[in-house]
Amino acid sequence: MKKVLSIVLVLLLGTVVLAGCAQQEKPVKSEKLRVVTTIFPPYDFTRAIAGDKADITMLLPPGSETHSFEPTPQDIIKIKNCDVFIYVGGESDEWVKDVLASMDTSEMKIITLMDCVETVEEEIVEGMQDEEEAHDAADNEAEEPEYDEHVWTSPRNAKLIVQKISDALCQIDSANAEAYEQNTAAYLGKLDELDSKFQAVVDGAARKTLVFGDRFPFRYFADAYGLTYFAAFPGCSTETDASASTVKFLIDKMNAENIPVVFHIELSNEKMANTISEATGAKVLLFHACHNISKADFEAGKTYLDLMTANVSALKEALQ
């Protein structure tokens, strides 16, 4: 897969070079900061901080899957011409290193979300189907630990990321620093309120266990609030069809502990969650990981805070 991705990037970068011969190397400097983000959370954080004082672009189309995203030549040109580039830094961003290496980034501020917080290794819990087990073990080459890239799922981590983005904008655009700082303070206050709501739900809960008939990209969230979880796959898995034994384990776990809700994440086909629901009588609910947002929600102006606030209600129902 990595070799295929490298070939695709070489072709894309070649296309960008050829396109550059037919146009100016750099567009006329905009009065506003140009910020490019790969996915929704940093896009939404930046628009909360900058307001109308920056032109903000999200590369991942609304409704698309993050782990299969590949940049277009137009995306690479947007990165090349931006003032601030924000990406996650995990496995789903393997393409970024080659793209950045192909261009002059001396005047570009680059922010990696995984560098903003203390990261943890992706965890394989009881009953979870490890992606490696789903493939032939022909390659015995030792691999480096895989760190969970879904750092924004904890509001406490979101605060650290927001502050990092704010500091960068203030440094680059000092003329608008006061506005950025005011917006940041207001937004951090809202994240504190969100954190308090989650904590109140957990403090008053009858149980502390979550079940996902899906991937589980919420390691940071679970750690922040002391929750136990069971799921079909880890967060960065590309698998969608679990083995019969994995589904049976989740069904047995829900029946044994009388767990009332089985979750799925956004843009999921929901088939596994529905199967578990049919076997247990549990309610199927969406729990937003905020990787991305549907086209309808994006056009309606939904925010990270909106999605996470919906998670508060879902969590309360699951832990009752």
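Mentor: A cavity here is a set of grid points where a 1.4 Å probe fits but cannot get out, and its volume is the space filled by probe spheres set on those points. The model is a predicted one. With cavities of 30 Å³ or more counted, there are 3.

The largest cavity holds about 100 Å³ of space. Its lining consists of Thr38, Ile39, Leu60, Thr66, Phe69, Val88, Ser92, Asp93, Trp95, Glu149, Trp152 and His291. Sorted by kind, the lining has 6 nonpolar, 4 polar and 2 charged residues.

The second largest cavity has a volume of about 60 Å³. Around this second cavity stand Ser64, Glu65, Thr66, Arg215, Ile265, Glu266, Leu267, His291 and Asn292. Its lining comprises 2 nonpolar, 4 polar and 3 charged residues. Because domain 1 (33-121 + 149-189) and domain 2 (203-319) both contribute residues to that lining, the second largest cavity lies between them.

Next, strand β3. In β3 (residues 84-87), Val84 and Ile86 point one way while Phe85 and Tyr87 point the other, and all are buried. In a regular strand, side chains alternate between the two faces of the sheet. Strand β1 (residues 33-37) runs parallel to β3, joined by 3 bridges, and Val36 stands opposite Phe85. Strand β4 (residues 109-112) is also parallel to β3, with 4 bridges between them; there the bridge partner of Phe85 is Ile110. From β3 the chain passes through helix α4 (residues 94-101) to reach β4, a right-handed β-α-β crossover.

Terms used: Residues numbered from 1 in each chain as written. Predicted model: local features only at pLDDT ≥ 70, side-chain atom pairs only at ≥ 80, totals over all residues. Heavy atoms only, no water. 1 Å grid on protein atoms, 1.4 Å probe; cavity = no way out; pocket = protein on both sides within 12 Å on 5 of 7 lines; lining within 4 Å. Nonpolar A, V, L, I, M, F, W, Y, C, P; charged D, E, K, R; others polar. Domains from an automatic or database assignment. Buried < 20%, exposed > 50% of the residue type's maximum accessible area, 1.4 Å probe, protein only. Helix = DSSP H or I, 4+ residues; strand = E, 2+ residues; numbered from the N terminus. Pairing = 2+ DSSP bridges. Right-handed = clockwise from strand over helix to strand, strands pointing away.
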